[in-house]
Amino acid sequence: MRLGEYLRKDFVLDSLAADSKPDVLAELVAPVAQAFPDIDAQKALRVLLDRESLGTTGIGDAVAIPHGKMDSLKEIVIVAGRSNGGVDFEALDHKPCRIFFLVLAPEHVAGMHLRILAQISRLLSDESFRGAFLDAPDRESLWRVLTSHA
């Protein structure tokens with residue numbers, strides 16, 4: 001399994017405008033709702049906020065990996081986003097998050113969902129990848145960083 005199999009160019013957001021956790025989540029969900037009209041953006045946002053209430057997905061080193069499961073999804077969806085200014089995501093290291101990987105999965109693929117989260121975690125533990133992600137000058141460059149590493 002390669003992470004690149006789950007990435008879509010239109011799900012790469014190189015300049016998030018949001019400045020709060022709920023707004024970042026809404027901005028990350030927006031392209032999914034646009035691409036999949038049967039996905040209720042408000043329901044997806046509730047799923048993510050409910051997951052956040054259990055404990056932050058801001059893991060530190062400027063990284064957050066919000067995730068959740070939705071029965072209306074037919075496939076795993078990943079959205080990568082970057083905030084140039086950083087967002088208080090209640091990260092474990094208490095620092096703003098700038099790198100976001102949203103993972104939404106169907107209810108019935110729990111094992112694959114966990115493997116994808118682990119793979120994203122491994123990728124984001126690489127300081128050179130995080131640097132390349134943050135330094136990419138535009139969406140096209142960010143897409144190249146993602147597809148060359150994932």
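Q: In what kind of crossing does helix 4 pass helix 5?
A: Helix 4 passes helix 5 in a left-handed crossing, meaning that the near helix is turned anticlockwise from the far one by less than a right angle. This is a predicted model, in which local features need pLDDT of at least 70 and side-chain atom pairs count only at pLDDT 80 or more, while totals for chains, interfaces and linings use all residues. Residues are numbered from 1 along each chain as its sequence is written, and side-chain values use heavy atoms, with hydrogens and water left out.

Q: At what angle do the axes of helix 4 and helix 5 cross?
A: They cross at roughly 155° and come within 8 Å. The two helices are therefore roughly antiparallel (an angle over 145 degrees).

Q: Which residues meet there?
A: From helix 4, F129, A132 and F133 meet L142, V145, L146 and H149 of helix 5, with contact taken as heavy atoms within 4.5 Å.

Q: Which residues of helix 4 are buried?
A: In helix 4, which spans residues 127-135, F129, R130 and F133 are buried (under 20% relative accessible area, with a 1.4 Å probe and protein chains only). They fall within an arc of 100° seen down the helix axis, so they line one face of helix 4.

Q: And which are exposed on the other side of helix 4?
A: E127, S128 and D135 are exposed there (over 50%).

Q: Changing topic, where is S148 found?
A: S148 is in helix 5, and is exposed, with a relative accessible area of 56%.

Q: How far apart are the C-alpha atoms of S148 and G4?
A: They are separated by 8.6 Å, although S148 and G4 are 144 residues apart along the chain.

Definitions and conventions
Helices (H or I, at least four residues) and strands (E, at least two) are DSSP runs, numbered from the N terminus. The arc is that of the directions from the helix axis to the C-beta atoms. Axes are lines fitted to C-alpha atoms, for helices over the stretch in contact, and angles run from 0 to 180 degrees between N-to-C directions. Angles under 35 degrees count as roughly parallel, over 145 as roughly antiparallel, 65 to 115 as roughly perpendicular and the rest as oblique.
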